[in-house]
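Work through the exercises below with the sequence and the model side by side.

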Amino acid sequence: MSTIAHNGTALVTGASSGIGAVYADRLARRGYDLILVARSGDKLKELAARITDETGRSVETLSADLTKTEDLARVEQVLRTDASITLLVNNAGVGATAPLLQSDIAKMESMVALNVTGPMRLTYAVAPAFVSRGTGTIINIASIVAIAPEVLNGVYGGSKAFILAFSQSLHHELADKGVRVQAVLPGATATDFWDAAGLPVSHLPSEIVMSATDMVEAALSGLDQGELVTIPALPNIADWNTFDTARLALGPNLSLAAPAARYSA
Ligand code: NAP
């Protein structure tokens, strides 16, 4: 008989490869049953069989293209109605490395649909249930480009800045209602992401690339430590705290009746 606690069900998007597949594995080992979402149904089923075999956890798969309204609606329905769900991992996402003016606008729009609209809708579907039960966790996979938008394509950076700001706001509104929120800001991570984004990961200096396993294990450690924002590579947490404290210190002066003196004639 397993001695691992049963933690309810985790729904993980983008679980067919890379970071999402590692989350699926690690969450099962932490006692979660799983609902795995991505387009590649066969890859999901293969992963589900392996995880069930190795952990004994129940793993369902849900094949869905999260850029399509009707597919997204099916996942939203599960999040609204399955009372066993205790954790949502908004991980599915795509990136781009091309500069703005060399990027196809249709691809940019599709990226916003997957990286922004998807997590936003899935969060709206599950948050009321978490609030009514007084418990639940939402992990949002952002990126370091959320605070370093000059690094890759600007729409990708903007989409991840949305995820960071959305997570900070969710935490602000839901923490006292029993809902945990974590935004994870990975740096370069060795997954298929880079091929799809137009720059094979082998072209990056190895000293800036983390394995998906190390990234996810660090992020879960950050979750255990109660972090709202986890930057797996950042050596010194004081650097983030200084940055965030400076942001918060702007607060009282961001909205005033009079323009600043430097703007008067
Ligand atoms: P990945 O290996 O390419 O995984 C992306 C996942 O998203 C796959 O499971 C893919 O599955 C799914 N996906 C893609 N388009 C989808 C769609 N339209 N509908 C549903 N699912 C879709 O890349 P990854 O690195 O693990 O990326 C996971 C997350 O980490 C993303 O949000 C990414 O922005 C973020 N991130 C990655 C890095 C990095 O360096 N790798 C750094 C920072 C942040 P299907 O193709 O089967 O649908």
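The exercises that follow treat helix packing and then the surroundings of the ligand.

The model is predicted, so that local features need pLDDT of at least 70 and side-chain atom pairs count only at pLDDT 80 or more, while totals for chains, interfaces and linings use all residues. Residues are numbered from 1 along each chain as its sequence is written, and side-chain values use heavy atoms, with hydrogens and water left out.

**Exercise 1.** Determine how α1 and α7 pack, and which residues meet.

Solution. Two packed helices are described by the angle between their axes and the distance between the axes. Helices here are DSSP runs (H or I, at least four residues) numbered from the N terminus, and axes are lines fitted to C-alpha atoms over the stretch in contact, with angles from 0 to 180 degrees between N-to-C directions. For α1 (residues 18-29) and α7 (residues 212-224), the axes come within 9 Å and cross at roughly 55°. α1 is therefore oblique to α7, given that angles under 35 degrees count as roughly parallel, over 145 as roughly antiparallel, 65 to 115 as roughly perpendicular and the rest as oblique. Contact means heavy atoms within 4.5 Å; on the α1 side it involves Gly-18, Ile-19, Val-22, Tyr-23, Arg-26 and Leu-27, which meet residues of α7 including Met-215, Val-216 and Leu-220. The residues of this contact of α1 with α7 comprise nine nonpolar, two polar and two charged, where Ala, Val, Leu, Ile, Met, Phe, Trp, Tyr, Cys and Pro count as nonpolar, Asp, Glu, Lys and Arg as charged, and the others, Gly among them, as polar.

**Exercise 2.** Describe the packing of α1 with α2.

Solution. The axes of α1 and α2 (residues 41-55) are 10 Å apart, at an angle of about 25°, and the two helices are therefore roughly parallel to each other. In α1, Ala-21, Ala-24, Asp-25, Ala-28 and Arg-29 meet Leu-47, Arg-50, Ile-51, Glu-54 and Thr-55 in α2. Sorted by class, the contact of α1 with α2 has five nonpolar, one polar and four charged residues.

**Exercise 3.** Identify the residues that come nearest to the ligand, and the polar atoms facing its oxygen atoms.

Solution. Counting a residue as near if one of its heavy atoms lies within 4 Å, there are 30 residues around the ligand, of which Ser-40, Asn-91, Tyr-156, Thr-189 and Thr-191 come nearest. An N or O atom in the side chain of Ser-40 is 2.4 Å from an oxygen atom of the ligand. Turning to the backbone, a polar atom of Ile-19 is 2.8 Å from a ligand oxygen atom, and a backbone N or O atom of Phe-193 lies 3.3 Å from an oxygen atom of the ligand.

Notes: A polar contact is a pair of N or O atoms within 3.5 Å; within protein, one must be able to donate a hydrogen and the other to accept it, and residues adjacent in sequence count only if both atoms are side-chain atoms.
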